[in-house]
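My notes follow in the order in which I took them.

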Amino acid sequence: MNPPRLLSSRPAALLPPALLLLCLGLWAVDVFIWDEWIIWVHVLEKLNHGLFGLADLAAQQNEQRNLAARLAGLALMPAFGLNRLPECLLNVLLAGACALLAVRLFRLTSRGRAEPPVLAFSLLAFSLLQWETFSVGINSSVLLPVLGVWAGAAVAAAGPPTPGRLAALVLTGLAPSFSFVNGLFFWPCLWPLLLFRAENRSQRLLTLLAWPLLGALVWAAYFAGYQSPAHHPSALSAFWPPWRLPAYVLAYLGGALAGDRNLLVPAMLAGAFSLSALAALLRAAFRAGRDGLDRAAPWLPVIGFSLCSALATAVGRGGFGPGQALESRYATFSGALWMSLAALWVLFGADLSERAARLLRRGLLCCLGLFLLSSVLAAVVLRDHAPRQERAREELFRLTDADALRPVFPDPAYVAAKLPLFLERRLGPYRFLRPFGDYARIDGPAGEFTVEPALGMEGRLGGFRVSGRLEGRARPTVLIAAGERVVGVARGGADGSFELFLPDTALAAGPATLTAFALEDGGRALRPLGPKDGAAVVNRPRPAVFHVDEKFLAG
């Protein structure tokens with residue numbers, strides 16, 4: 001059947017990405033968030049020691065290997081210096097590719113009998129419930145497995161599993177498999193479709209033997225040297241009490257429509273409805289005979305991917321409770337199921353009994369209402385995160401208030417200690433800087449500064465307190481240097497005063513002379529601060545223990 005005219009309207013399908021881009025433009029903040037700190041600290045440490053290799057592109061972080069995130073960040077680094085916003089835009093483009101592949105798959109399976117429900121595809125692909133996926137740069141690793149299974153289904157549906165098509169599918173599945181752990185489901189989820197599409201004995205034999213062997217090799221490579229996160233609950237905790245696992249799975253599946261933890265029960269009901277609708281539509285496809293199976297089969301890998309993701313996450317994280325299933329990034333995975341349901345409804349809705357069709361329509365209308373309500377709530381959450389992240393970004397130029405940094409990483413001492421890695425390469429918050437020798441010099445002191453030994457980040461780090469004042473200059477930017485190397489960057493207030501905690505990791509051990517310069521002339525020149533000869537210090541590095549795993553207890 002043809003969907004309602006609005007559902008197949010291409011102009012209407014442009015509204016969800018436009019709204020998403022508007023929200024990101026208003027509230028996405030260019031600052032590293034949580035896992036991003038750990039991932040890029042490890043990359044920069046390896047680069048500094050000349051040890052970064054191919055294996056480090058897919059190094060384990062939590063359960064994931066984040067290949068896509070590292071590839072995207074490194075590719076964009078020369079042009080954008082780890083600015084997070086271009087990577088957020090890349091995430092939106094990846095979501096758009098998923099929607100386009102869904103349209104392509106629909107055209108392959110409908111054979112011209114119906115128009116694709118492009119508005120449904122767009123609403124789910126660009127959903128604001130995925131605000132975390134879109135507003136955190138490294139989440140290209142979240143989107144790539146979804147994109148991979150959509151691409152794999154489209155390639156597999158286009159023809160029989162010839163050696164060339166299998167080779168294309170292998171290339172399609174490699175990067176997703178080493179990005180997010182559920183990317184591994186690409187291999188088992190596509191296998192039944194490949195067998196179904198085989199047209200002769202040689203193709204069936206090739207698919208029966210080669211595909212699972214290749215998949216097993218990828219799985220083995222992924223888990224080579226893998227360490228199960230010790231801070232995660234035992235998998236057995238997901239099975240007790242007995243309701244915990246099914247509750248988590250249902251909430252996970254319904255999370256594409258209800259992402260607020262206050263809507264846990266509606267999310268579970270939506271998840272239950274999705275399974276009921278899926279069963280009814282697949283039954284209609286089966287009753288339609290071979291033609292129905294031909295049209296339904298290409299959607300099963302995508303559906304299987306969402307179901308496998310839900311079950312695997314429930315086993316791994318069910319001990320956190322079903323509310324954790326409503327994490328924003330999980331809506332990216334469960335959304336693929338709902339996109340498939342929209343397609344199956346258009347393909348097979350006319351084959352349902354009158355009663356089943358009526359119930360399905362009513363259920364879908366309820367789900368739409370829940371989705372719209374949750375979208376508004378998700379936009380509010382994104383808006384409310386922005387001021388805290390903006391404050392954290394500004395705090396990177398002071399490092400005097402540990403609490404201000406906690407919204408972007410739960411261990412502020414780790415952030416402060418590792419910032420010199422980014423400063424050395426002028427990345428992230430420091431990408432606006434030039435090489436120190438490229439600045440013009442302006443005579444005459446801009447003000448005065450002082451340095452004194454201090455403990456920072458709630459007493460956990462050793463270092464120095466650098467403070468001063470620039471007369472007649474509001475919100476100045478001040479560079480702290482040791483010789484010809486910038487070791488700290490401070491930003492002052494409206495009265496021209498500034499204060500910066502300089503961690504001991506910014507300096508080599510032993511004596512050093514610190515100088516300070518005000519950034520002037522549109523960021524092209526430096527004016528010194530007194531004293532003229534700088535401030536002599538002796539750096540005695542203080543060992544510190546960082547807590548980089550405890551954050552995952554929150555999911």
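**Entry 1: the largest pocket.** I began with the lining of the largest pocket, which by class has 20 nonpolar, twelve polar and nine charged residues; here Ala, Val, Leu, Ile, Met, Phe, Trp, Tyr, Cys and Pro count as nonpolar, Asp, Glu, Lys and Arg as charged, and the others, Gly among them, as polar. I note that this is a predicted model, in which local features need pLDDT of at least 70 and side-chain atom pairs count only at pLDDT 80 or more, while totals for chains, interfaces and linings use all residues. Residues are numbered from 1 along each chain as its sequence is written, and side-chain values use heavy atoms, with hydrogens and water left out.

The space in this largest pocket comes to about 1000 Å³. Of its 41 lining residues, the closest to the centre are Trp34, Trp131, Glu132, Glu327 and Arg329. The elements that give two or more residues to this lining are H8, helix H9 (140-157) and helix H18 (354-395), and H18 gives the largest share, nine residues. For the terms, I worked on a 1 Å grid over the protein atoms alone: a pocket is an open set of points with protein on both sides within 12 Å along at least five of seven lines, a cavity is a set where a 1.4 Å probe fits but cannot get out, and lining residues have an atom within 4 Å of a point. Grid points are joined across faces, edges and corners, and a volume is the space filled by probe spheres set on the points. Helices (H or I, at least four residues) and strands (E, at least two) are DSSP runs, numbered from the N terminus.

**Entry 2: the cavities.** How many cavities of 30 Å³ or more are there? I count two. The largest cavity has a volume of about 80 Å³, and of the 15 residues that line it, Leu399, Tyr430, Val487, Gly488 and Pro503 lie nearest its centre. H20, E5 and E6 are the elements that give two or more residues to that lining, which divides into 14 nonpolar, one polar and no charged residues.

The second largest cavity holds about 70 Å³ of space, and its lining includes Ala95, Cys98, Leu124 and Ala331. H17 (330-348) contributes the largest share of that lining, five residues, and by class the lining has nine nonpolar, three polar and no charged residues.

**Entry 3: helix H20.** Where does helix H20 (residues 412-424) bend? I find a bend of about 35° at Lys418, with a proline, Pro420, following within four residues; the bend at a residue is the angle between axes fitted to the seven residues ending there and the seven starting there. H20 is mostly covered, with twelve of its 13 residues buried, where buried means under 20% relative accessible area, exposed over 50%, and partly exposed in between (1.4 Å probe, protein chains only). Among what covers these buried residues are helix H3 (35-48), E3, strand E5 (485-491) and strand E6 (497-503). Just after H20, Arg426 takes a positive phi of about 55°.

**Entry 4: other backbone angles.** Most residues other than glycine have a negative phi, and most peptide bonds are trans. Leu399, which is not a glycine, has a positive phi of about 60°; this residue lies in the loop between H18 and H19 and is buried, with a relative accessible area of 4%. Asp521 also takes a positive phi, near 55°, in the loop between strand E7 (510-520) and E8, and at 45% relative accessibility Asp521 counts as partly exposed. The peptide bond from Gly530 to Pro531 is cis, with omega near 5°, and Pro531 has its place in the loop between strand E8 (525-528) and strand E9 (535-539).

**Entry 5: a buried loop residue.** Leu128 lies in the loop between helix H7 (118-125) and helix H8 (131-135). Is Leu128 buried or exposed? Leu128 is buried, at a relative accessible area of 8%. Leaving aside neighbours within four places in sequence, Leu128 is in contact (heavy atoms within 4.5 Å) with residues including Leu19, Cys23 and Ala378.
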